[in-house]
Amino acid sequence: MHQPPKIIFTDMDGTLLGANHHPVPGDEKILQQIAATGAKICFTSGRLPKGLTPFQKILGIHGPLISYSGALILDERGETLFSTTFPLERAHELLNEIDELSPGIFKGTYGFNNWVVTTKDNPFLREEESYVLAQAVEDSNINKYYEESGLHKILVMGEPDSIVALEQSIAPLHPELNVIRSSPIFLEFMNNDADKGSAVKRILEHYNIDSSEAVAFGDAPNDIDMLRTLERSYAMKNAFEEVKQVATFETEFTNEESGVVRELAKLFNL
């Protein structure tokens with residue numbers, strides 16, 4: 001029988017968080033008990049860091065963070081363990097190409113804790129800001145934000161059909177990029193050395209934890225690499241079908257029903 005894991009990797013939206021993209025009331029009690037055993041709880045998300053740290057405070061826990069689906073990894077102190085960006089000139093080329101393939105589609109740029117959009121007049125953006133408890137900056141000149149550091153991610157928001165069409169048209173042209181749907185309405189662009197599976201391996205190596213001592217939870221296509229990396233992995237009951245096919249297990253309950261926390265309570269005999 002497996003011992004309780006030493007580290008837990010969990011996606012956020014559609015996984016740990018409920019339907020309103022915020023924690024399910026009561027989950028914090030179990031998570032705090034788990035943290036008190038010394039187990040690490042690592043949020044793994046496409047979100048920027050300041051879209052994750054408020055939820056650590058709400059839940060009363062702390063731990064390393066995998067941000068931008070693996071393009072940025074931070075330890076418990078907020079120090080950078082890994083970062084992969086693309087230069088500003090390359091970012092402009094990609095933004096122009098996205099515009100040519102999907103004229104008028106909404107785009108945001110991200111680097112460390114910078115989140116820049118050309119307009120805030122967009123319903124997808126307003127929803128996302130309310131979910132992540134962070135605000136984007138409206139500015140048509142992204143150069144001053146990323147000139148030195150580069151970008152970790154470009155995020156495109158749109159109707160599901162538009163997102164699928166853009167992914168199918170642009171991904172085959174760019175093997176150097178990780179182009180992936182993190183939700184039906186989101187398409188992310190990162191360097192191809194940024195994925196949650198590689199990030200999990202980097203975290204395990206940093207903390208000298210064996211993969212058999214870890215567990216992961218996810219629901220969306222950008223979680224597949226992470227779930228494949230570990231022998232104990234869970235797809236949410238509400239997960240995409242292609243995610244369920246690669247995970248070791250499926251949770252008994254959905255994200256709205258505290259599926260992650262209920263499974264963890266069993267693993268830790270709580």
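1. Two strands count as paired if DSSP finds at least two bridges between them; helices (H or I, at least four residues) and strands (E, at least two) are DSSP runs numbered from the N terminus. With that in hand, look at E12: three bridges join E12 to strand E13 (residues 233–235), and the two run parallel. Within this pairing, Ala-216 stands opposite Ser-233 in E13.

2. A quick word on the model. It is predicted, so local features need pLDDT of at least 70 and side-chain atom pairs count only at pLDDT 80 or more, while totals for chains, interfaces and linings use all residues. Residues are numbered from 1 along each chain as its sequence is written, and side-chain values use heavy atoms, with hydrogens and water left out.

3. E12 has another partner, strand E1 (residues 7–10), paired with E12 in the parallel sense over four bridges. Here Ala-216 turns up again, as the bridge partner of Phe-9.

4. Do trace the chain onwards: E12, helix H9 (residues 224–229) and E13 make a right-handed β-α-β unit. Right-handed means that, with the strands pointing away from the viewer, the path from the first strand over the helix to the second runs clockwise.
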